[in-house]
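Me: Please take a close look at one part of this model: the pairing of its charged side chains. Which residues take part, and where do they lie?

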Amino acid sequence: MAFRRRWYVVAIWLAVLGAIGFASTTASALPDDSGSRPDIEAQAAFELVQQRFPGDAGGDRASAKIVFVAPAGERVTDPDNRAAIERLVGEASRGSQVAVAVNPFQARAVNAAATTAYATVMYSVTAGELTDDARRHLREAVDRARAAGLTVEVGGPVLAEKAGIGGVSELIGVLLAALVLLITFGSLVAAGLPLLTALLGVGVSMLAIATLGSAFGMSSNSSTLAIMLGLAVGIDYALFVVSRYREERAAGRTPEDATAIAVGSAGSSVVFAGLTVVIALAGLTVLGIPAAGQMGLAAAGAVVIAVLIALTLVPALLGFWPNAVLARRIRGGASITTGGGGTRWSRFVLRHPVAVLVASVTGLAVLAIPALDLRLGMPGDEAKSTETTERRAYDALAAGFGPGFNGPLTIVVDAKGAGDPRAAVRTVSAKIAGTPGVVSVSPPRFNPDGDTALFTATPSTAPASEETKDLVRLIRDQRAGDTFLVSGTTAVNIDVARKVQDALVPYLAIVLGLAFLLLLVVFRSLLVPLKAVVGFLLSVLASLGCVVAVFQWGWAADLIGLEQTGPIISMMPIVLVGIVFGLAMDYEVFLVSRMCEAHSRGEPARQAIVTGFRHSARVVVAAALIMIAVFAGFVGADLAMIKMIGFGLATAVLFDAFVVRMALVPAVLALLGERAWTLPRVTARAGSPTMDP
């Protein structure tokens with residue numbers, strides 16, 4: 001239908017793009033991530049503050065911490081330096097949307113050596129509501145203070161550049177994908193068609209997120225993963241359909257029949273693969289972490305669009321260019337050659353299955369070893385480039401006031417039921433001040449009713465360190481009969497990391513079980529799904545091991561422009577598992593289904609392996625290289641989360657496609673022989689008919 005009614009299909013997609021584009025212009029902008037984290041203590045403390053301190057929205061308002069460092073041999077308290085600092089604070093206080101600017105000399109925000117001081121500027125609006133005029137006013141005031149000889153840096157989100165995508169590295173990734181397509185197909189049209197449809201799909205997805213995102217509670221960070229994944233699977237899904245179309249045309253079929261067979265075979269595999277990705281990504285919503293759920297839903301929507309385009313728009317475009325997508329030699333009447341390298345490799349594996357299996361498993365297991373040291377957290381300004389003022393402000397505060405100054409803990413004391421609330425607060429404050437690892441506590445601030453107090457405790461260690469995690473745990477463990485909660489950015493990050501770590505193993509178990517059941521239905525075999533699950537687990541663990549080695553240990557960090565190592569971003573492992581699960585099923589289905597098809601037509605088990613590689617190896621390799629190129633392009637992103645996910649996905653695809661699917665899978669199938677394609681008698685009677693991919 002899509003081939004015959006190609007004009008209608010193209011018109012419908014263009015109409016959809018135009019309608020969503022128009023709707024997006026009237027939709028409200030997506031908000032920044034609210035940071036809401038249900039079911040954790042830090043969030044409960046934040047909600048208690050909102051209840052007991054009415055009208056105090058300080059936790060929501062934007063703030064900037066202006067850090068002053070005196071020139072070598074001088075002090076910030078010297079008359080000239082002090083005058084420059086007070087002049088800047090006065091200018092900052094007159095900026096639009098500023099609620100208050102606190103003078104460091106009045107607030108005693110000067111370190112003991114008087115080399116460093118900081119002023120806090122509080123705004124009356126959130127960071128997302130700040131105007132360009134407000135930001136420009138602060139930037140100009142800072143520049144004038146720098147001209148006076150002081151080192152002045154600004155921490156916080158006010159002057160932070162918004163991290164984004166679309167830079168040079170991402171463009172290089174797309175160009176590499178185009179080069180792989182051109183080499184694979186030998187035709188500019190065939191190479192351009194998957195790129196064109198993938199870009200259209202990403203455009204529709206992004207406009208849909210912009211239009212519907214607010215209704216679904218998505219933040220502005222939700223779209224980045226959707227772009228990354230939508231582009232990769234959009235190219236790959238179109239690649240599989242076009243490749244099968246060319247194969248059928250080379251076999252002598254008409255353009256219409258070749259299109260029908262391509263969509264009926266490769267298209268069925270696209271539906272299955274896309275479904276697995278969508279299920280895994282949608283499963284992120286059950287973790288109770290809004291940011292992970294938002295990213296999962298946005299990316300799942302992009303995958304749905306990619307599947308629909310592969311099933312409708314791709315065959316329609318084949319109707320416009322039925323011969324142009326063929327290589328020049330095929331158009332001239334030459335026969336197509338499929339999988340020469342794949343055939344040779346499969347025969348090599350059949351001759352040495354044990355050696356290939358042992359080498360594959362051993363290599364992946366060794367790469368997975370660093371994953372045993374996985375530490376989750378949420379890096380802050382310390383993970384940014386030293387070219388940013390936020391990172392320099394962080395370093396200056398750490399040097400002047402100690403590493404824990406950048407991550408103070410907020411203690412919320414609920415003394416509502418106490419006979420003497422102030423005495424109860426003093427007891428809690430003294431207990432926490434005497435805790436090993438706490439260098440200071442601030443004076444408590446009471447709410448209007450006098451039954452709730454806030455104060456901060458400054459750790460002696462950096463916010464993302466293991467020692468700070470232990471300190472938070474120690475403070476909470478010594479509550480006894482006292483009623484207080486520990487919050488603040490540092491505590492939130494620690495609580496989220498623990499929540500994600502607790503959910504990682506159950507989520508991985510669910511994904512592995514789902515993979516086994518889906519492949520059981522497709523191939524009607526117990527051993528093929530079991531082998532696929534083990535291979536998927538090995539590739540995920542090896543990828544996590546590489547992420548830990550680079551981003552946590554710092555191995556080869558300079559090669560990807562990583563300036564600061566630290567804990568692995570909390571959501572990264574679960575997002576990686578969800579995405580790699582779907583991508584692993586892509587390669588499993590596209591490769592093994594051709595073996596299953598050959599075996600079901602009477603070929604012996606070992607010969608079916610060779611046949612499957614002859615027809616699929618070249619396309620699977622091309623698809624993997626495209627995904628690696630696209631994902632690797634995001635390693636150059638400024639956003640730490642995207643850099644880490646891009647690296648993790650690129651390595652996961654590398655291991656899954658080239659080690660698991662190309663080496664481990666044929667080695668295991670060669671050792672299993674005919675047993676690989678059988679079911680126990682009871683299961684076989686209960687099973688469904690074999691799907692012809």
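Reply: Helices (H or I, at least four residues) and strands (E, at least two) are DSSP runs, numbered from the N terminus. The model is predicted, so local features need pLDDT of at least 70 and side-chain atom pairs count only at pLDDT 80 or more, while totals for chains, interfaces and linings use all residues. Residues are numbered from 1 along each chain as its sequence is written, and side-chain values use heavy atoms, with hydrogens and water left out.

Within helix α3, Glu86 and Arg82 are four residues apart, which places about one helical turn between them. They form a salt bridge (a side-chain nitrogen of Lys or Arg within 4 Å of a carboxyl oxygen of Asp or Glu), with closest N and O atoms 3.2 Å apart. Glu86 is partly exposed at 32% relative accessible area, as is Arg82 at 34%; buried means under 20%, exposed over 50% and partly exposed in between (1.4 Å probe, protein chains only).

Helix α13 holds another pair, Arg391 and Asp395, likewise four residues and about one helical turn apart. Their side chains meet at 3.1 Å, N to O. Here Arg391 is buried at 8%, whereas Asp395 is partly exposed at 32%. Shared partners join Glu41, Arg476, Arg479, Asp495 and Arg498 into one salt-bridge network.

Glu41 is buried, with a relative accessible area of 18%. The salt bridges number 24 by this rule.
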